Amino acid sequence: MYRREFLSYAAGIVTLPAVIDFQHRSRIELLDLEENCCLRESVAGYTAVLAELGFASRRSVLIVPAAARIPETAMRRMVTAMQAGGIVILESGAGFANEQDLRAHRDTLRDCFAVRLNAPVQLWPRRTPYVDFTWPFATKLRDFSRVIPLDQPTDQTIGWVDGRPVALKRQAGRGTFIFLGSPLGPVLWAGDVDAKRWLLDVVRS
Amino acid sequence: MKKAIGDNMIPREWGFERGLELIKKAGYNGIELWLGDVPWFQMATSDSDVRELRRKVENAGLVVSNVSTGLHWAAPLSARDPAARAQATRIVERQIETAVMLGTDAVLVVAGLVTEEVPYNEVYQRCLEALKPLGDKAARAGVKIGCENCNSEQRFLISPREFSQFLNDVGSPAVGIHLDVGNIHDTGFAEQWIELHGPRITRIHLKDVLKHRGRCGDQSVYTNLFLGDNNWPAIRAALTKVRYDGWLVAEMEARYRYAPDQQFYDTAQAIDRFISGRL
């Protein structure tokens with residue numbers, strides 16, 4: 001697939017209604033980007049929690065932990081999942097990426113998902129160590145020191161850090177795209193029960 | 001038991017060789033080398049230069065008691081940034097490598113650092129994940145990693161049972177505790193730590209502590225042997241009870257303002273007195 005073809009394919013999926021019904025047996029999948037995943041703890045965190053959950057969700061869920069550069073094959077997987085009416089959780093790890101990968105990450109998010117990101121922010125020192133989520137329920141989850149904020153708040157914003165929007169939920173046809181600019185996986189890995197509850201609710205949504 | 005003192009106590013203007021002479025003359029058996037804390041022993045120091053350090057130590061009639069480092073305060077194994085963690089791991093690996101070259105079998109590691117930013121559970125998990133493979137590496141090299149109890153400064157593994165559970169979770173016979181009897185402050189009693197950890201103690205750091213000062217003031221809580229609040233007869237008895245017969249390494253924070261060499265002599269005599277049990 002050439003870049004132009006891929007981009008138009010991706011853009012179409014994001015903006016047009018999905019045409020594929022829900023699967024009867026929904027699956028929760030992790031997409032490990034390996035060398036393009038900045039935080040291995042994030043993969044470990046989601047893996048541990050999802051293994052513990054051990055149930056099929058109502059919808060298919062694809063989780064991409066701590067992404068830096070996002071390869072085209074991964075983009076295709078995400079687009080296909082949303083096209084099928086599933087939930088895609090893209091967790092950015094780009095706050096820990098090198099400059100080139102960070103630039104590629106931001107370009108991909110802008111070009112393929114129309115998500116514009118600001119430069120990474122080093123949070124500490126700060127007064128409270130939390131990200132405030134407003135969806136699927138209001139809760140405070142631990143920050144992970146660096147965030148990639150969205151360029152501006154919208155009615156799709158679901159997470160805030162010190163007044164900055166850092167997470168969004170967007171309908172993509174029948175699918176749902178969730179972007180996390182503050183890594184949650186390492187918090188899950190450390191055994192945070194609230195983070196686990198948050199993920200569980202999202203997976204069930 | 002054998003006496004040692006850290007090379008980070010040597011006045012900077014003296015240099016390594018003159019420091020070794022002083023340490024030998026003061027009656028010590030060995031020297032603790034601090035990777036990264038002294039100009040002559042850095043991460044960039046080559047293998048041949050490390051061997052040269054050993055030659056100088058042995059020429060002075062001493063041996064290396066262990067390899068310590070303060071580098072993990074800036075780059076802890078518990079760092080969130082994978083790059084900082086990789087650096088922390090490399091520091092421990094270099095300690096192990098140099099310990100072998102220097103003819104000793106123990107390294108000191110400040111395992112993790114709890115901060116407002118990096119919470120306890122993360123630090124615990126990350127230290128476990130780091131120390132398991134490092135324990136394997138140490139075991140293959142015939143070296144023991146002693147995690148130091150820097151209770152107040154680390155805000156981590158504050159009680160002896162908690163520390164013991166941590167070592168159980170690491171599960172490596174090559175990972176134990178480098179027990180500092182001055183670091184327990186008012187959260188416990190050094191003799192109880194000794195009793196509880198017994199055979200897992202890799203080395204003992206000696207200093208005294210002024211428990212009433214706490215850590216909130218601007219004065220150091222640490223002082224020279226017998227000037228503080230440690231119960232030295234109880235500590236000595238506990239070492240006998242657990243049959244500890246290894247190195248006693250002097251680690252003084254407060255240095256003499258005048259005649260810095262005098263501190264080496266005074267500390268050596270105090271350790272002799274401590275070993276003899278005339279307390």
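A polar contact here is a pair of N or O atoms within 3.5 Å; within protein, one must be able to donate a hydrogen and the other to accept it. Keep that in mind for the first stop. The model is predicted.

**Stop 1: the interface**

Show chain A and chain B together. Nine residue pairs are in polar contact between them, both residues at pLDDT 80 or more. The side of chain A that touches chain B has eight nonpolar, two polar and four charged residues. Four salt bridges link chain A and chain B. Select A:E41 and B:R85 for one salt bridge: their side chains meet at 3.5 Å, N to O. Now select the whole contact. Chain A supplies 14 residues and chain B supplies 12 residues. Together the two chains bury about 1,200 Å², and 50% of that is on carbon and sulfur atoms.

**Stop 2**

In soluble globular proteins, nonpolar side chains tend to be buried together. Go to chain B and select B:F41, B:I145 and B:F166. These residues have the most contacts inside the largest nonpolar core, which has 83 residues. Next, colour helix α4 of chain B, residues 120–141; this helix gives the most to the core, with eight residues. Zoom in on B:F41. Leaving out residues up to four places away in sequence, B:F41 touches several residues, including B:W34, B:V50, B:V67 and B:L102.

**Stop 3: cis peptide bonds in chain A**

Select A:W124 and A:P125. The peptide bond between them is cis, with omega near 5°. A:P125 sits in the loop between β4 (121–122) and β5 (130–133) of chain A. Then move to A:W135 and A:P136, joined by a cis peptide bond with omega about 0°. Here the loop runs between β5 and β6 (139–142), and A:P136 lies in it.

**Stop 4: positive phi in chain B**

Select B:H185, in the loop between β6 (175–180) and α7. Its phi is near 55°, positive in a residue other than glycine. Is B:H185 buried or exposed? B:H185 counts as buried because its relative accessibility is 5%, and the cut-off for buried is under 20%.

Continue to B:F226, between β9 (222–223) and α8 (232–241) of chain B. B:F226 is not a glycine, yet has a positive phi of about 75°. At 34% relative accessibility, B:F226 counts as partly exposed.

**Stop 5: an exposed proline**

Finish at B:P199, in the loop between α7 (190–197) and β7 (201–206) of chain B. With 79% relative accessibility, B:P199 counts as exposed.

Note on methods. Residues are numbered from 1 along each chain as its sequence is written. Chains are lettered from A and ligands numbered from 1 in the order in which they are written. This is a predicted model: local features need pLDDT of at least 70, side-chain atom pairs count only at pLDDT 80 or more; totals for chains, interfaces and linings use all residues. Side-chain values use heavy atoms; hydrogens and water are left out. Helices (H or I, at least four residues) and strands (E, at least two) are DSSP runs, numbered from the N terminus. Buried means under 20% relative accessible area, exposed over 50%, partly exposed in between (1.4 Å probe, protein chains only). A nonpolar core is a set of buried Ala, Val, Leu, Ile, Met, Phe, Trp, Tyr and Cys residues joined through side-chain atoms within 4.5 Å. Contact means heavy atoms within 4.5 Å. Buried area is the accessible area (1.4 Å probe) that two parts lose on being put together, summed over both. A polar contact is a pair of N or O atoms within 3.5 Å; within protein, one must be able to donate a hydrogen and the other to accept it, and residues adjacent in sequence count only if both atoms are side-chain atoms. Ala, Val, Leu, Ile, Met, Phe, Trp, Tyr, Cys and Pro count as nonpolar, Asp, Glu, Lys and Arg as charged, and the others, Gly among them, as polar.
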